[in-house]
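Student: Could you take me through the side-chain contacts of this model, beginning with the charged pairs and then turning to the aromatic rings?

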Amino acid sequence: MQFQKTPAFDADFRRLSPAEQQLFKDAARAFSDACDRYDVEPGLGFPRKFRVKRVQNAHGVFEMTWSFSGPDG
């Protein structure tokens, strides 16, 4: 998976504590690995913890839900 960082992202990331930065890095790595596996085995799907699903009638388009309350937001 490819991505680009913006200056706003860099500023937000720097405001995180070292422990939060590590949590983000771990989650980003796991998500990237899931994307790579999906490319190789499309039937495999994404791990449930990422809450990724296909958008109906939009081939190759996915959506991800996010919660700002709770441990995952």
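Tutor: The model is a predicted one, and the count of salt bridges in it comes to 4.

Student: Which residue forms a salt bridge with Glu 63, and which parts of the chain does the pair link?

Tutor: Lys 53 is the partner, with the closest N and O atoms 3.5 Å apart. The pair links distant parts of the chain, since Lys 53 lies in strand β1 and Glu 63 in strand β2 (residues 62-64), 10 residues apart. Lys 53 is exposed, at a relative accessible area of 52%, whereas Glu 63 is partly exposed at 36%.

Student: What separates Asp 26 and Arg 29 in helix α2?

Tutor: About one helical turn, because they are 3 residues apart in that helix; their side chains meet in a salt bridge at 3.6 Å, N to O.

Student: How is a pair of aromatic rings described?

Tutor: By the distance of the centres and the angle of the planes. In this model the count comes to 4 aromatic pairs. For Phe 13 and Phe 24 the centres are 5.8 Å apart and the planes are at 65 degrees, so the pair is edge-to-face, the cut-off being over 60 degrees. Phe 13 belongs to helix α1 (residues 7-15) and Phe 24 to helix α2 (residues 18-40), 11 residues apart.

Terms used
Residues are numbered from 1 along each chain as its sequence is written. This is a predicted model: local features need pLDDT of at least 70, side-chain atom pairs count only at pLDDT 80 or more; totals for chains, interfaces and linings use all residues. Side-chain values use heavy atoms; hydrogens and water are left out. Rings of Phe, Tyr and Trp (its six-membered ring) pair if their centres lie within 6.5 Å; planes under 30 degrees apart count as stacked, over 60 as edge-to-face and the rest as tilted. Helices (H or I, at least four residues) and strands (E, at least two) are DSSP runs, numbered from the N terminus. Buried means under 20% relative accessible area, exposed over 50%, partly exposed in between (1.4 Å probe, protein chains only).
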